Every structure is written in C-alpha cells, then in structure tokens.
Amino acid sequence: MRVLPLICVGLACLPLAAQEANPPVIRSTTQEVLLDAVVRDKKERLIRNLKPDEIRVLEDGVPQTLKAFRFTDTDSDEPPAVTQPAGGTGPSAPATPNSPALNPLHNLNLVTIVFEQMGPRSRTFAQQAAAEFLANEFRSNTYGGVFSLDLRLNALQPYTNDRELLRQAITRATTGNYTEFRKDSENVLNNLAVQISSGEPGITIAPAGGGDAFHSAGVAAQGAESAGPGSEGQMTLARLVWKQMEMVTYGVGWRSLDGLLSLVQAQAALPGRKTVLLLSEGLVVPWQVEDMLQTIIGAANRANVSIYCVDVTGLSVQAPTQAGIDMVKTSARISRNQNMTASGDAAVDMFKQDETVNMGLRADPQAALAELAESTGGFLIANTNDIAKPMHRVMEDVRAHYELSYVPTSQNYDGRFRKIEVVVKRAGARVHTRTGYFALPLVGGEVLQPFETAGLEALNTKPQPAAFAYHAQALAFRGALGAVQHSMVFQVPMQKLSYRENKETAKLRSHVSLLALVRDADGQVAAKVSRDLATDIPADKFEGFTRGDLTFSQPLLLAPGRYTVETAAVDRENGAASVRRSVLVVSERPGIGISDLVAVRRLDPFNPAVDGGLNPADPLHYAGGKVTPSLDGVYAAGSEVSIYMVVYPAQNDQHPRVSIDVSQNGKLISSASPELPPPDRSGAIPFVAGIQPPPGQYEINVTARQGASAFSRMIVVRVQ
C-alpha cells in the first residue's frame with residue numbers, strides 16, 4: 001500500500017460521474033488550450049495509436065496548429081511527446097525529436113470521490129457505485145481521496161493508493177451523519193499537516209505531532225513521504241480550508257457551486273491527470289448564479305480536471321423536475337431561519353428563501369450534472385441500476401487518453417463562447433468532445449466569474465465612481481506560517497441601493513455585486529474575494545429590510561508584505577457603482593498577538609442544521625456564536641457597544657493578560673483588566689467585551705501582555 005506524497009495531498013475536490021460520452025477536456029489559459037481526449041472505435045474499444053496528422057482541431061471554424069500531441073497510457077511505458085515545430089502550419093507538421101513532455105508528471109492520476117448530501121435510498125446506490133469504481137485495479141500511480149459535501153466540505157480520507165482505506169471512508173460517507181463527517185474532516189486535515197495551534201506566531205502549518213503528516217488516528221498508514229510544513233501541497237490545502245468556509249453561509253445551491261469552484265481551483269497547481277467523481281442526487285443551479293456553472297467548467301478546464309457525475313437516484317420513475325417541487329416546499333423552513341433584527345440588519349442568509357423558491361422553479365438537477373460532466377471531459381451515469389460497466393469506463397479514461405495543446409489564433413478573452421471541433425481522420429473512430437469553452441481571462445490565477453466584470457469595470461473607471469457609501473475592510477487575525485489570516489468584510493447600507501418592483505408578485509428586487517482585489521507591491525493580484533447577491537423582497541418586509549446593512553465576509557490568507565486593497569460595490573439594478581482603495585500592511589511578529597478589534601453589529605447563535613455550526617477556520621466564529629462586524633462602528637444611544645477580539649498567546653508558561661482603556665477626546669475615562677477565558681482547541685482566546693457609554697465618540701485601546709511581550713490594537717466607535 002502506498003500513500004501519496006505530500007506534494008499531491010494539498011488538493012481537495014468533488015466527485016462527478018458519467019454517461020455515454022467521453023469528450024476531450026478543454027483547458028484554457030491566457031496562452032494555451034489543452035485537451036485530454038479519449039478516442040474509441042465502433043465497439044467502444046480505446047484507440048491508442050493515432051498519429052498527429054490524424055487529428056484536426058477547429059475553433060470557431062478556424063483550424064488550429066497543434067503544439068503538442070501525446071497518448072498517455074499508464075498500462076504501458078510512456079512514449080515521448082510529439083511536439084509541432086515552431087511556426088508549423090497545422091496539425092500535420094512533422095514532430096520534433098526529443099521534444100519535452102506536455103506534462104512532466106502526466107503519469108500521476110488523482111481521483112477525488114465526493115458524496116453530496118443525499119437521502120437513505122440514494123446513499124445505498126452511491127455506496128454501490130463507489131465500490132464498483134474501486135473494484136477496478138488501482139495502478140501504482142493512482143491515488144484516491146474521499147470527501148463529503150453537506151453544509152461544508154469534509155475530508156474523510158486523504159489521497160492514498162490503499163483501496164481498503166478508501167472503502168472504509170466510502171462506508172462512513174454513506175452511513176454517517178454530518179457531525180461525524182466534521183470530526184473525520186478535522187482528523188484528516190490534521191493528518192494532512194494543517195493544524196491550528198497556539199505556537200508562535202499563531203496558526204502553524206506543520207505535521208501533526210511534529211512527525212509524518214499521515215501518521216495519526218488510523219486515517220492513513222505508513223509509507224508516506226513527509227514534507228516540510230511550508231510545502232506547496234500543504235499551503236494549497238491550507239488555502240482551500242480558508243476558501244471553502246464561505247460555503248456555509250448560503251443555501252444548498254450556493255454551497256454546491258461554491259464547493260465545486262473552490263475545489264477545482266485548488267487543484268490547478270497539482271500535477272498529473274485529475275479526476276473528480278461526483279455522486280449526487282442532482283446539481284442545483286440557483287437563478288442568481290446561472291453563469292457560475294460556466295465559470296466552474298472554465299476553471300476545471302484550466303486546472304486539467306475531468307468531472308464524472310453519477311446520479312445516485314438510479315433507475316427512477318420520478319421526473320427530474322420533481323426536485324424543483326420539493327425545493328419550493330422547503331421555502332417556509334428557510335424563511336424561519338432568516339435573521340432580521342429590530343434594526344433591520346440584512347445578513348447574507350436573508351437571501352435564502354427567495355433563492356430556494358427560484359431554484360425550485362428552474363431545477364432540473366440531472367441536466368446540470370450532464371452539462372458539467374460533458375463539458376469537462378467526463379460523462380454522466382444516470383437512469384440505470386447497472387453501474388459496473390460505466391465505472392469501468394471511468395477508470396479506463398483515467399488511465400489512457402490523448403493530450404493535445406494549441407495556442408488559439410484569437411487572443412481576445414472577451415468571455416464569449418468558442419466552439420471547438422475535434423476531427424479524427426480514421427474510419428470508425430469516435431471522439432466525444434465538448435462543444436467549446438468560454439474565453440474568460442484569469443484574475444489572480446482564478447477564472448473570472450461573469451458577474452465580476454461589472455466590478456472590474458468600476459475599478460478601471462476614472463474618475464473613481466462613488467454613487468453610494470459603503471464600507472470594506474480586511475480584518476487581520478492570527479499569523480500563519482508564511483501568511484496571516486484575514487477576513488474580508490463588506491458592509492453596504494441597503495437604503496442606498498435601488499429596487500425594481502414587480503407589482504404582480506408584490507416583491508421588490510435587489511441585486512448587488514461585490515468584488516475585492518488585493519494587489520501586492522508589484523501590482524499583481526494576490527487574492528480575490530467576490531459575491532453576487534440578488535433577492536426578491538416581499539413588500540411587507542421591505543421597510544425593515546432596507547433599514548439595515550448587507551454584511552458579507554470571507555476568510556483569506558495573505559503573506560507578509562504591503563498591499564493595495566481595491567473594492568467595488570455595484571448596484572446591478574441601475575448600474576451605479578462605488579469604489580474604495582486602501583493600503584494594507586501585513587506582518588508577522590513574535591510573542592503574544594491580538595486580532596484587529598471588531599465592532600460587533602450582531603452576535604448570532606449557531607444552528608448546526610442550517611449553518612453547520614462553529615467553523616474553526618472562520619475567524620468570526622467562536623464558541624459564543626457568529627460575529628457580524630460593524631465596520632462603521634456606529635451604535636444607537638442606549639445600546640451596548642460590543643468589541644470582539646482574539647488573543648493569541650505565545651507558547652510559554654506565562655499567563656496572558658489584557659487591559660482595555662476607553663478614551664474620549666484624548667482623555668482616559670475608563671479602564672479595565674478582565675479575566676481572559678480559557679483558550680480554545682487552537683490555543684487562541686476569543687472573547688467579547690462590552691461597554692454602554694453615553695452619546696459621543698470613543699477610542700478603545702486593548703493591550704495584550706504575556707511576560708515581557710506586549711501588543712496593542714485600537715478602534716474608534718460612535719454612539720449617537
């Protein structure tokens with residue numbers, strides 16, 4: 001048995017399944033398009049001996065010049081790549097001797113099996129389907145991992161060549177519950193060398209127990225190659241952990257699509273052929289983010305990820321659209337979980353009810369699965385109880401395929417759909433190819449989502465637009481090995497937005513797009529945060545809704561350095577936009593640390609059935625609940641001013657202390673030294689301090705001390 005070296009572990013991803021087609025996967029970069037193609041004869045046998053002059057590729061009807069051509073077959077020795085000479089006139093140009101391989105690690109196969117939330121009957125079918133896939137021989141270069149996607153992504157088994165470990169994880173995925181998945185995921189993440197600890201300077205990415213990253217809790221066996229805590233694989237997984245936290249904020253459609261996009265993007269830096277096997281009752285595409293499915297397809301193609309989808313409902317007499325009827329019925333339950341305080345604060349979860357109703361009206365989950373699979377080089381397995389043969393075909397595709405590449409004659413990445421045709425000049429040969437790809441540019445190494453273009457346009461507008469006021473800030477929390485954890489927060493006053501009335505439904509529509517680009521000292525995008533939020537507001541709730549703010553937050557990691565944070569908020573109903581720019585200096589320091597001080601607008605208890613409960617990787621989550629920040633720091637007279645903070649003690653035996661000073665106009669008016677609560681499991685000490693001052697502006701200074709080490713933060717609040 002072998003466990004995958006850590007360079008390939010930093011990836012997590014969703015499973016998708018199959019149908020009758022095996023389209024080549026189109027991977028698009030700003031320079032090159034890569035295709036992984038499976039070619040079969042009339043009897044569905046693999047064709048392994050095509051020559052470059054037997055393949056012709058057309059993009060929007062224009063012949064493309066192949067730059068590379070190779071058949072990858074893990075059942076035999078790898079033949080050398082065939083690369084077209086520079087300046088060649090077409091696919092039939094002679095090969096250049098000793099040309100480099102298209103991918104130096106092409107023989108590595110990573111298979112990610114993901115179980116989306118499903119009912120009891122579907123779990124039985126899903127377990128059978130996954131077992132049939134594992135019944136195929138795992139070559140020495142093939143590694144599988146098991147994940148579940150419920151309220152958030154859960155890692156149940158790291159990548160391993162041991163099929164018995166994979167079988168055990170599949171059993172847990174199809175028989176366990178969400179609470180068990182969370183525990184499994186925490187164990188696996190620790191074993192994969194992502195561990196939140198109290199060491200200097202805070203989050204430490206290091207092998208669990210200081211040893212082999214795979215030796216713990218029986219999740220993986222001996223034989224793993226350990227790597228330094230700063231390895232790219234570990235950092236990739238760490239970034240994924242933070243990135244996927246946003247998934248728990250939204251309804252089921254949001255979570256599934258966010259999970260897919262984040263997981264696919266996380267695999268971009270990893271080598272080899274990457275396959276996702278998604279076992280699902282159907283993929284729901286919310287009406288507000290119908291373009292996101294194409295974004296996911298584009299990201300998968302760029303990352304060299306093939307997605308195979310299995311409809312785990314099997315052979316069913318129920319129409320696919322029945323899921324839409326079921327979702328409409330859940331609207332009332334979601335409505336009960338909405339949060340609107342007396343002040344009318346509008347958190348992102350207020351968009352859930354309308355989202356679910358509209359998803360129900362548009363839901364054909366099987367169609368979305370088919371489009372996702374066939375557009376990324378996989379196929380859909382659906383409407384059948386005979387699962388063995390299609391699963392064998394999936395494994396065949398993993399092992400043997402052609403790799404082609406070309407630089408498009410058109411370098412205009414305008415987001416338009418480009419039709420691709422792959423023609424094989426051999427009698428009886430069948431190439432099942434996707435019809436094309438969306439030519440979207442990269443921003444910060446990630447595929448640009450369609451709604452983000454409005455934000456980019458606003459950022460590039462001169463003079464800088466300022467149609468309405470809003471707040472945006474990257475709040476700093478603990479330091480990590482080579483990075484510092486932040487939470488990017490937007491606060492948009494709802495009364496500043498425009499609304500479109502629909503008198504027939506007695507609703508008003510709101511639609512706002514948010515975008516933040518964090519640029520390093522060289523002007524390159526180091527991080528991107530975005531969200532498109534749309535909802536239809538019932539007329540009887542409109543007044544309360546518009547009294548508050550829309551608050552959105554997302555975790556991100558930034559390496560030490562100087563950054564420019566560019567944010568844009570766009571009112572999609574009237575096209576109005578506002579832009580803000582600020583400087584952010586990120587640094588790590590030894591000794592005790594303390595987060596930015598966060599003015600608390602709202603503190604909500606967790607509802608695990610809806611939000612997944614406390615998320616240890618979200619800095620605005622702690623044992624007391626979910627913190628909604630108030631970036632303007634304005635409070636109504638008579639209300640309590642609450643300040644959230646996290647103290648990060650250094651690793652020593654000295655007891656940490658804090659002192660809180662409240663000043664007005666430079667004069668100290670109050671001081672306290674509260675007793676700190678015990679550290680949480682990560683070693684951090686999150687807590688909330690409150691004061692109730694009369695109207696006025698106040699400066700609150702908090703100093704954390706531990707022995708000779710001290711660190712201070714300050715915030716200004718206003719009571720009116």
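**Entry 1**

Buried is under 20% relative accessible area, exposed is over 50%, and partly exposed is in between, with a 1.4 Å probe and protein chains only.

Helices (H or I, at least four residues) and strands (E, at least two) are DSSP runs, numbered from the N terminus.

**Entry 2: a note on the model**

This is a predicted model, so I keep in mind that local features need pLDDT of at least 70 and side-chain atom pairs pLDDT 80 or more, while totals for chains, interfaces and linings use all residues. Residues are numbered from 1 along each chain as its sequence is written, and side-chain values use heavy atoms, with hydrogens and water left out.

**Entry 3: helix H2**

Leu 165, Leu 166, Ala 169, Ile 170, Ala 173 and Thr 174 are its buried residues. They fall within an arc of 160 degrees seen down the axis of H2, so they line one face of the helix; the arc is taken from the directions from the helix axis to the C-beta atoms. At the N-terminal end, Asp 162 is the cap, with a side-chain oxygen 2.8 Å from the backbone nitrogen of Glu 164.

**Entry 4: rings**

How many aromatic pairs does a search of the whole structure find? I get 6. Rings of Phe, Tyr and Trp (its six-membered ring) pair if their centres lie within 6.5 Å; planes under 30 degrees apart are stacked, over 60 edge-to-face and the rest tilted. Phe 468 and Tyr 470 have ring centres 6.5 Å apart and planes at 55 degrees, so I note the pair as tilted. Both of these residues are buried.

Tyr 499 and Phe 542 are edge-to-face, at 4.9 Å centre to centre and 90 degrees between the planes. This pair links distant parts of the chain, 43 residues apart: Tyr 499 is in the loop between strand S23 (483-493) and strand S24 (500-502), and Phe 542 is in helix H13 (residues 542-546). Tyr 499 counts as buried at 19% relative accessibility, whereas Phe 542 is partly exposed at 23%. I also saw Phe 69, Phe 71 and Tyr 402 linked into a cluster by ring pairs.

**Entry 5: backbone**

The peptide bond from Lys 462 to Pro 463 is cis, with omega near -5 degrees. Pro 463 is placed in the loop between helix H12 (452-459) and strand S22 (471-480). Asn 665 is not a glycine, yet has a positive phi of about 55 degrees. I find Asn 665 exposed, with a relative accessible area of 73%.

Notes. Polar contact = N/O pair within 3.5 Å; in protein donor to acceptor, adjacent residues only side chain to side chain.
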